[in-house]
Amino acid sequence: MYGPLWRLLPGPWQVKVLLSLVLVIIVIAVCFLWVFPAIAPYMPFNGNSVQTGLPPLTPVTSPTPLV
Amino acid sequence: MNGLRWGVRTLGEVFITVGLFLFLFIAWQLWWTDVTANREQTVTIHALERGFGPAGLPERGDPNPVANLTKVPFGEAFAIMRIPRLGADYARPVLQGTDHDTLTKGIGHYPGTAFPGQVGNFAVAGHRTTYGKPFSDIELLQKGDIIVVETKASYVVYAVDRHVIVTPDQVEVIAPVPQDPGARPTQAWLTMTACHPRYSASQRYVVFARLVKSIPRASGLPASFMALPARTVG
C-alpha cells in the first residue's frame, strides 16, 4: 500500500520525501484534533467519577434548601 | 505467486500502520491531552479570577451566594480549588458536571450534591492521569491538609479527614454524609474522587475533607491557610 502511494507522488525523490512528510503531518493532525478526541470517551481507562459516566445515578440532594 | 507476495506485504504494512496508530494514540492520551488541558485550564483560572474580582473589597449585592451557585449551568466553571500540599501555585477550575467532556476542562462537581460550604457533601471528581491530571497526586494528601475552594462570594476552607479506595459503583462516598447514605447531614463535607490505580479505572481513590470555615471574600483569605504543609511522608 505504501509502494503505489510512493509511485503516485509526483516529481523527483526529494519532492516525494517532502510530500510524504506533509502527508504524515496531516494524518497526525487529523488524529490529534478529531479522531482521538472522538474515541477517547470509549476507552476503559477514562473514568474518574463514581457514576461511571452516567448522568446522576442517585439523587444525592442535600436536604438543605438550595433556593 | 505474485499475488501471494503482494498480499503478505500489504498485510504487513497494515499491521505496521495499526501499530503506529496505537502508539500515536498513547502519545496523544498521555502527553497531548495534558498540554492542551493545562493551557485551557489556566485560561479558565484567569477568567474566574477576573470574574471574582480582587479580594478584600466589600460585597456588591450578593445576599445569597449559594442560591447563585445553584444556577450555574452544566459545564460551566464556578470555583477555583487550591491545595497547598500539591504546590503553592496549585489552582484548578471546578465546573458543574462530571461527564467526560467536563472533566477534560478541570475538576467536575457532581450535580445534585451540596455546593461549597453548604451542609451536606460538596462532591467533585478529577482526572488522576491525562487531561491536565488535576488529582494526579491525590494520594499525597494527609489528614489536616488544607483545601481552599474559592467562589465569587467566599473562601471555603476544608481540612482532609481520611481517604478510602472503593469500586466505581460505591456511590455512597458522595452521599450527603459520606459513606452513610440516608443519614441526615449536620456537617459540610468535601469529597474528591479520582481514578485508582494510576492509568486504570478499576477503582476510585476518594478523599474526604471537613469544613474548617467559610470566609467571606470581603475579608480575604488568611495567608496561614495557604502555608505549605511540613513535608512529612505518610
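Is B:R82 buried or exposed? In this predicted model, local features need pLDDT of at least 70 and side-chain atom pairs count only at pLDDT 80 or more, while totals for chains, interfaces and linings use all residues. Residues are numbered from 1 along each chain as its sequence is written, and chains are lettered from A and ligands numbered from 1 in the order in which they are written.

B:R82 is buried, because 22 other C-beta atoms lie within 10 Å; the cut-off for buried is 20 or more, with C-beta atoms placed from the backbone, whereas 12 or fewer means exposed and values in between partly exposed. The residue sits in strand β1 of chain B; strands are DSSP runs of E, at least two residues, and helices runs of H or I, at least four, numbered from the N terminus. Beyond four places in sequence, B:R82 contacts B:Y90, B:A91, B:V148, B:E150 and B:M226, a contact being two C-beta atoms, placed from the backbone, within 7 Å.

The largest nonpolar core has 49 residues; such a core is a set of buried Ala, Val, Leu, Ile, Met, Phe, Trp, Tyr and Cys residues joined through C-beta atoms within 7 Å. B:M81, B:V94, B:V124, B:I147 and B:M192 touch the most other members. The largest share, six residues, comes from β7(B).

Nine of the nine residues of β7(B) are buried, so this strand is largely enclosed by the rest of the structure. Six bridges join β7(B) to β4(B) in parallel, and eight join β7(B) to β8(B) in antiparallel fashion; strands pair if DSSP finds at least two bridges between them. Six residues separate β7(B) and β8(B) in a hairpin, where B:Y199 in the turn has a positive phi of about 65°.
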